[in-house]
Amino acid sequence: MHCPFCRHEDTKVSDSRVIEDGTAIRRRRACPLCERKFTTVEQIVLMVVKRSGVVETFDRDKVIQGVRKACQGRPVTDFQLAALGQEVEEALRASGLGQIPAGDIGRAILEPLADLDPVAYLRFASVYEKFDSLEDFSDEIERMKLRPPPENPMDGSERGSSRRPRGRINQEPLIG
């Protein structure tokens with residue numbers, strides 16, 4: 001790392017901290033030559049590879065907007081959508097890959113959306129999986145019936161409403 005003041009090629013890190021929900025690292029640095037201090041931020045960027053081959057940065061808001069369309073008219077709150085967006089991003093980052101195929105994002109959305117609202121899940125899955133017959137819907141409904149209930153303390157009926165579960169406070173998602 002070059003010193004931004006004297007352009008010396010070697011700087012020393014005096015402090016490092018994880019910031020922005022774990023997606024960036026703040027480093028406090030000092031130049032041994034001019035002795036000035038400065039801060040750098042190292043951003044961990046998640047890239048999406050689209051089917052066309054175009055590569056762009058991951059945008060959690062795009063996930064939320066896509067899911068919001070599936071949830072239209074359903075009892076799903078903005079808080080729940082933000083939490084789902086965060087859960088999807090965390091799952092993608094946990095894969096350890098720097099570049100994620102666009103199809104993997106859709107797959108990462110399916111399970112948390114099924115836990116959130118089964119009707120919205122069917123809407124989203126019908127587009128994502130390209131359902132083209134009533135049998136596709138019927139088959140998916142049968143698979144949904146076999147799914148175990150969500151492990152989240154908020155079951156499907158509570159997640160689909162604006163009520164918060166009892167006994168839990170401060171559940172706002174950590175949005176970076």
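Student: Does Thr 57 count as buried, partly exposed or exposed, and at what relative accessibility?

Tutor: Buried means under 20% relative accessible area, exposed over 50%, and partly exposed in between (1.4 Å probe, protein chains only). At 46% relative accessibility, Thr 57 is therefore partly exposed. This is a predicted model, in which local features need pLDDT of at least 70 and side-chain atom pairs count only at pLDDT 80 or more, while totals for chains, interfaces and linings use all residues. Residues are numbered from 1 along each chain as its sequence is written, and side-chain values use heavy atoms, with hydrogens and water left out.

Student: Which residues does Thr 57 touch, not counting those up to four places away in sequence?

Tutor: Contact means heavy atoms within 4.5 Å. By that rule Thr 57 touches Val 45, Leu 46, Met 47 and Val 48.

Student: Which residues touch the most other members of the largest nonpolar core?

Tutor: A nonpolar core is a set of buried Ala, Val, Leu, Ile, Met, Phe, Trp, Tyr and Cys residues joined through side-chain atoms within 4.5 Å. Here the largest has 29 residues, and Val 67, Leu 92, Ile 105, Ile 109 and Leu 113 touch the most other members. Helix 3 supplies its largest share, seven residues. Helices (H or I, at least four residues) are DSSP runs, numbered from the N terminus.

Student: How many residues of helix 3 are buried?

Tutor: Eleven of its 15 residues are buried, so helix 3 is largely enclosed by the rest of the structure. Among them are Gly 103, Ala 108 and Asp 115.

Definitions and conventions
Helix = DSSP H or I, 4+ residues; strand = E, 2+ residues; numbered from the N terminus.
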